[in-house]
Amino acid sequence: MRVLITGITGFVGSHMADMLFPRSDIELFGTYRRRSRLDNLENLLPHLNLIEVGVSSVQTIRAAFLPGKINMVNTDLVDAFSVQKLIGAVRPDRIFHLAAQSFVPTSWNAPAETLTTNILSQLNIFEAVRELRNGAPGDQAGVDPLIQIAGSSEEYGLVLPDEVPMT
């Protein structure tokens with residue numbers, strides 16, 4: 001099974017990578033940005049293959065993959081072309097979309113950037129999957145992954161202890 005984790009360098013993404021990487025039945029891929037800190041992936045550093053192919057072809061991205069590594073592709077998820085090439089190269093069976101601007105003070109200081117990052121990146125993933133569903137040139141079959149989109153506890157506002165768990 002091929003698994004793509006967007007935001008693999010973040011809190012949740014890094015924990016998911018820790019959990020999935022040891023499994024022999026999973027090929028693990030992730031997205032990151034040049035400015036992403038790798039602190040959360042410190043225990044996996046020897047297993048990371050950071051790929052800086054820029055806006056490139058599916059074949060160029062695939063050629064950079066190393067077996068047995070967590071292949072992490074520098075991808076701007078707001079760029080639809082880059083997302084389509086990434087998903088075409090990875091051909092994931094599962095996508096865990098965990099990349100987002102989630103820091104509340106930043107969301108108030110830069111609301112347009114937050115909306116652009118969080119909504120457009122999600123749209124680009126959906127559109128890339130839709131466009132590749134029937135296959136791309138040179139591919140035998142289409143891409144049809146299950147997609148999990150993470151939300152945030154911040155969506156609920158102040159939750160009192162007697163209101164947990166949320167229903």
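Charges first. The protein carries 13 positive and 18 negative side chains. Lys and Arg count as positive, Asp and Glu as negative, and His and the chain ends are left out. The centres of the two sets lie 8 Å apart, with each charge placed at NZ of Lys, CZ of Arg, CG of Asp or CD of Glu.

A word on the source. This is a predicted model, where local features need pLDDT of at least 70 and side-chain atom pairs pLDDT 80 or more, while totals for chains, interfaces and linings use all residues. Residues are numbered from 1 along each chain as its sequence is written, and side-chain values use heavy atoms, without hydrogens or water.

Now, pairs. Side chains of opposite charge can pair when their charged atoms come close. How many salt bridges does a search of the whole structure find? It finds 6. A salt bridge here is a side-chain nitrogen of Lys or Arg within 4 Å of a carboxyl oxygen of Asp or Glu.

One of them joins Arg 34 and Glu 52, at 2.9 Å from N to O. Arg 34 sits in the loop between strand 2 and strand 3, and Glu 52 in the loop between strand 3 and helix 2, so the pair ties together parts 18 residues apart in sequence. Arg 34 is exposed, at 64% relative accessible area. Glu 52 is partly exposed, at 41%. The cut-offs: buried is under 20%, exposed is over 50%, partly exposed is in between, with a 1.4 Å probe and protein chains only.

Another pairs Glu 127 with Arg 130, at 2.5 Å between the closest N and O atoms. These two are 3 residues apart in helix 5, about one helical turn.

Next, the fold. There are 5 helices and 6 strands. These are DSSP runs, numbered from the N terminus: helices are H or I with at least four residues, strands are E with at least two. From the N terminus, the order is β-α-β-β-α-β-α-β-α-α-β.

Last stop, helix 3, residues 80-90. Its buried residues include Val 83, Leu 86 and Ile 87. What do the buried residues of helix 3 pack against? Their partners include strand 1, strand 4 and helix 5, where contact means heavy atoms within 4.5 Å. Just after helix 3, Arg 91 takes a positive phi of about 50°.
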